[in-house]
Amino acid sequence: MSYDLLLRNGTIVDGSGGEPYVGDVAVKDGVIVAVGSVGGDAAREIDATGLLVTPGFVDLHTHYDGQAIWSERLTPSSAHGVTTVVMGNCGVGFAPCRQEDHDVLVDVMAGVEDIPGVVMTDGLPWTWETFPEFMDALEAGRRDIDVAAYLPHSPLRVFVMGRRGADREPATPDDLAQMRHLAQEALEAGALGFASSRLTIHKTESGAAIPSYDAAREEIEEIARGVVDGGGGLLQFVPDIPAGGYQPVLQTVFDVAEDVGLPVTFTLIVGNTGDPFWPDAITMVEKANAAGGDITAQLLPRPIGLIIGLQLSANPFVLYPSYREIADLPLAERVAEMRKPDVRARILADKPGTGHPILYVAQAWDWIFPLGDNPDYEPSPSDSIGARARARGVNPLEEAYDRLLDDDGHAMLLVAMSNLENNSLDTVGKLLHRDDVVLGLGDGGAHYGMICDASYSTYFLAHWARDRDSGRFTIAEAVRELTSVPARVAGLADRGRIAVGYKADLNVIDHAALRLHKPIITHDLPAGGRRLDQKADGYVATVVSGEVIAEHGVPTAARPGKLIRGRQAAPVPV
């Protein structure tokens, strides 16, 4: 027998959660055709002795809606073993969209997802208006990994209602009928489901609430019924956690899902301080699932964190008028200015002006930490800016100011906004061991100048399945959480497993060598736009549809990634 690709003698972690075993994996025409002791030869063989062979990872929560159009590589995700991404999350995206509403959607994405407007106006051809036309544009592109998309709520609302939708006016019966019809059309064109958000800090760049923010239950329900009309799919939702906890909005979505018979996945965070609100969400999930529902909570396996610095979108002084006077200077000149005693004194004595709500967390001193060459995402409380300032006997503003000037202004600080309850990730680990909590929230393709969490797959395998003493996952458990579990949630039953008939998306990993690097700043977006990227050691090879897309962290020329249209059935056993 001759194969296209043969992985020899690897430790196979098949994604089912079962015990790893040593064997071979053979691939032909993009599909796994033999597993175990495999004879024959292949056009390409990889010696995987002593290495893990896993399914490719599935990331449920990304925002590559734009990057999948203007770029052939979906990094950081594809550099961290991810072979399938789902985009359109949080109800934001670029379709459907009429010509006259481009600026509205750019305003939404610039504010919610920190994608500079010029990047979108230069990088998007806007050759579509309807969602099916957007799917066609995705299908026509070349890329390294597979993409799937939700129908996003905010563009849908603006497409149907125009300015009334952007201004969050109530939808009329005619509006609702159109939304239902368009949801059906999107599902029939291959959308995996429908996504929406009620999060307070999801603001447009101009400061307004996003179009979906306070949509009525009737609107959610009619769109969900359109999803059912189109064949069914997943409802993704971001509840308004800061403003109202998980009740009552999340319950509304659960009730709609029960009424129409659809699964739901939603954003779960664990607060750093105060009375925990996650137990209420888990109780709601347990109750809904006991009644026959299919509800999962998505949780990041490390802090949801902003990365701040003098070269990034945020730092503790970004809203200070005195800092704004020098903010546009080249970095070296700005650092020289900031080191002058009179400039330092003036900035430290200043007060912040107004700006996007998320910028104010850049002064949460006890949750801000230096981010070094070996980034620590479960840092000691003694390393926080607040603790360092107290140890020095200075104001936290002074400590932050000085740390920003480290490395000639190239220093980065991590703002751990959530998930460090009791100053550790213990609660996160306990939650991730639950069947109704899944990995997610990496946000790849968005927050280009603030967040770089799409590397969480590497962190999860290294920290939670190797380095951490308590709450650890076995290799088999960790790989299952990165592969077959999110594949099931998304309705993509053709991937996430190493077994005959499954899609040949694979990783060959040196687990002992797996290591994250400090995020870096690149300028590879359209119009020279800036973004954060993050690389890793330990990925010997990543394979998509049987083609090697990266070896030892270096991308190849292969671009086998495809658009996934709709839910995918599991292979039929031969």
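Biologist: What order do the strands have in the open sheet of three strands, and is the pairing parallel or antiparallel?

Modeller: Start with the general idea: strands of a sheet pair through backbone hydrogen bonds, either parallel or antiparallel. Here the order is β6-β7-β8, and the pairing is parallel. The edges are β6 (57-59) and β8 (146-149), each of which pairs on one side only. Neighbouring strands in this sheet are turned by 15 degrees against each other on average, ignoring direction. Such angles run from 0 to 180 degrees between N-to-C directions, with axes as lines fitted to C-alpha atoms, for helices over the stretch in contact.

Biologist: Before we go on, what am I looking at?

Modeller: This is a predicted model, with residues numbered from 1 along each chain as its sequence is written. Local features need pLDDT of at least 70 and side-chain atom pairs count only at pLDDT 80 or more, while totals for chains, interfaces and linings use all residues, and side-chain values use heavy atoms, leaving out hydrogens and water.

Biologist: And how are strands and pairs called?

Modeller: Strands (E, at least two residues) and helices (H or I, at least four) are DSSP runs, numbered from the N terminus. Two strands pair if DSSP finds at least two bridges between them. Take β6 and β7 (residues 82-87): they pair in the parallel sense over three bridges, and valine 58 stands opposite threonine 84 in β7.

Biologist: What is the strand order in the open sheet of six strands?

Modeller: That one goes β9-β10-β11-β12-β13-β17, with parallel pairing. Its edge strands are β9 (151-152) and β17 (437-439). At the β9 end, β9 and β10 pair over two bridges, with proline 152 opposite alanine 195 in β10. Helix α10 (residues 249-260) packs on the sheet, touching β11, β12 and β13 (295-299), and its direction makes about 170 degrees with that of β12. Contact means heavy atoms within 4.5 Å.

Biologist: Are the faces of β11 covered or open?

Modeller: In a regular strand the side chains alternate between the two faces of the sheet. For β11, both faces are covered: Leu234, Gln236 and Val238 are buried on one side, Leu235 and Phe237 on the other. Buried means under 20% relative accessible area, exposed means over 50%, and partly exposed is in between (1.4 Å probe, protein chains only).

Biologist: How do I read burial for a helix, say α20?

Modeller: An α-helix has 3.6 residues a turn, so residues three or four places apart point the same way. Helix α20 (residues 475-482) is largely enclosed by the rest of the structure, because six of its eight residues are buried. They are Ile475, Ala476, Ala478, Val479, Glu481 and Leu482. Among the elements these residues pack against are β5 (52-55), β6, β17 and α21 (484-490).

Biologist: Which parts does the salt bridge between lysine 28 and aspartate 4 tie together?

Modeller: The closest N and O atoms of that pair are 3.9 Å apart. Lysine 28 sits in β2 (residues 21-28) and aspartate 4 in β1 (residues 2-12), so the bridge ties parts 24 residues apart in sequence. Glutamate 45 and arginine 8 form another, at 3.6 Å; it links β4 (residues 41-47) to β1, parts 37 residues apart in sequence.

Biologist: How many disulfides are there?

Modeller: A disulfide is a covalent bond between the sulfur atoms of two cysteines. With a pair of sulfur atoms within 2.5 Å as the test, the count is zero. For cysteine 90, the closest cysteine sulfur is 17 Å away, in cysteine 452, and that is too far for a bond. Cysteine 90 is buried at 5%, and cysteine 452 is buried at 4%.

Conventions. Salt bridge = Lys/Arg side-chain N within 4 Å of Asp/Glu carboxyl O.
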